[in-house]
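These are my notebook entries on a single chain, written while I had the structure open. I began with the charged side chains and then went on to the pockets and the surface.

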Amino acid sequence: MARSISFFLFIALLAFSPICFSFKSNNDKLYPQYYYKSCPQALEIVKSVVAKAVAKEARMAASLLRLHFHDCFVKGCDASLLLDSSNGIVTEKGSNPNRNSARGFEVLDEIKSALEKECPQTVSCADILALAARDSTVLAGGPNWEVPLGRRDSRSASLSGSNNNIPAPNNTFDSILSKFKRQGLDLVDLVALSGSHTIGNSRCTSFRQRLYNQSGNNKPDSTLDESYAAQLRNRCPKSGGDQNLFFLDFVSPTKFDNSYFKLLLASKGLLNSDQVLTTKSRESLALVKQYAENNALFFDHFAKSMVKMGNISPLTGSSGEIRKTCRKINSS
């Protein structure tokens, strides 16, 4: 009788072992080893294409990092941002935060194409975005972290969500913090993730108001260093030059470091949404000072906040799909 019970227990354990030990099931949670069996070369393929793109154009690191941020704040990290308009879908690429500024889509297309050749319809575009953001950060000299994986791709986009949920350059501090909290993020995440502005560029149209008419009184922003403002006006006039590009961190524009926070303390943040971190909240200012003094602390908090952001409402299990191409949903 004891042998019989032991035999049935053994059979039962065998029956449940795929659930307990398979890489393909983890209670629908994200985890770094998700593709270890189904596409073992996935991470190397992403890293290789991103490295080539950043070597060709250093600015691309910031562009790819920004795409992940703009994707996650709209419907969660589901690659909805990558969808073009078609079949009733109105693309998020035309929203105010993305129009004429979101870029790097061709790099993601190249990554997806390479992955489809290696392991067809296995790696999601949402995971590609998360991996490309991490690899871009590392290539620019920033921190490394394990990227939890297993996201699936959405079959819809939200233009209104993109317009309403992504913080804008001229938003108030309270508005920006509210948009972060709406995603389950907190003040530390806000300040740490704002540090991504240590690399990349912004357009004249995104900060012109600070130079000429910040409060509707035809005067510049009083929190902006006067000599820095004068330099900016040379290439950002009252009208025209909307697309002229400026470094978000003019000290080390292609290096991921804490000089962004040092510039904020010197009243030389380019965007209003940057500078308000030092002028509208004592708690935020304290974090800016800590990061300006301690690069390792900034890196640690940034990495943790990136993982936290990457966990915003992912589609898992049987939800969504694995797109064949990132720009359109699969045919029914």
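Entry 1, a salt bridge. I looked up D78 and found that its side chain forms a salt bridge with K75, with the closest N and O atoms 2.9 Å apart. I note here that the model is a predicted one. K75, at 34%, is partly exposed.

R151 sits in the loop between α5 (125-139) and α6 (159-165) while D127 belongs to helix α5, so the pair ties together parts that are 24 residues apart in sequence. Both R151 and D127 are buried.

I next looked up K52, whose side chain meets that of E110 in a salt bridge of 2.4 Å, N to O. This pair links distant parts of the chain, with K52 in helix α2 (residues 42-56) and E110 in helix α4 (residues 105-118), 58 residues apart. E110 counts as partly exposed, at 35% relative accessibility.

I turned to the open spaces and found that the largest pocket has a volume of about 1100 Å³. It is lined by 48 residues, of which R66, H70, P169, H197 and L271 are the closest to its centre. Which element gives the largest share of this lining? Helix α3 does, with 7 residues; among the other elements that supply at least two residues each are α7 (173-182), α8 (187-194), β1 (201-203) and α14 (295-310). Sorted by class, the lining of the largest pocket holds 21 nonpolar, 19 polar and 8 charged residues.

Helix α12 gives the most to the lining of the second largest pocket, with 4 residues. By class, I wrote down 3 nonpolar, 12 polar and 3 charged residues for this lining.

On the surface I found a nonpolar patch formed by F247, F250 and V251, which together have about 280 Å² of accessible area. F250 lies in the loop between β2 (245-247) and α11 (259-265), and its relative accessible area of 36% makes it partly exposed.

I looked for positive phi values in residues other than glycine, and N100 has one, near 65°. N100 is in the loop between α3 and α4, and at 59% relative accessibility it counts as exposed, because the cut-off for that class is over 50%. N218 is not a glycine either, yet has a positive phi of about 60°. N218 lies in the loop between α9 and α10 (226-233) and is exposed, at 63% relative accessibility.

Definitions and conventions. Residues are numbered from 1 along each chain as its sequence is written. This is a predicted model: local features need pLDDT of at least 70, side-chain atom pairs count only at pLDDT 80 or more; totals for chains, interfaces and linings use all residues. Side-chain values use heavy atoms; hydrogens and water are left out. Patches are made of residues with over 30% relative accessible area and no salt bridge: like charges are joined within 9 Å, nonpolar side chains (Val, Leu, Ile, Met, Phe, Trp, Tyr) within 5 Å. Accessible areas come from the Shrake-Rupley method with a 1.4 Å probe; for residues, only the protein chains shown count as cover. A salt bridge is a side-chain nitrogen of Lys or Arg within 4 Å of a carboxyl oxygen of Asp or Glu. Buried means under 20% relative accessible area, exposed over 50%, partly exposed in between (1.4 Å probe, protein chains only). On a 1 Å grid over the protein atoms alone, a cavity is a set of points where a 1.4 Å probe fits but cannot get out, and a pocket is an open set with protein on both sides within 12 Å along at least five of seven lines; lining residues have an atom within 4 Å of a point. Grid points are joined across faces, edges and corners, and a volume is the space filled by probe spheres set on the points. Ala, Val, Leu, Ile, Met, Phe, Trp, Tyr, Cys and Pro count as nonpolar, Asp, Glu, Lys and Arg as charged, and the others, Gly among them, as polar.
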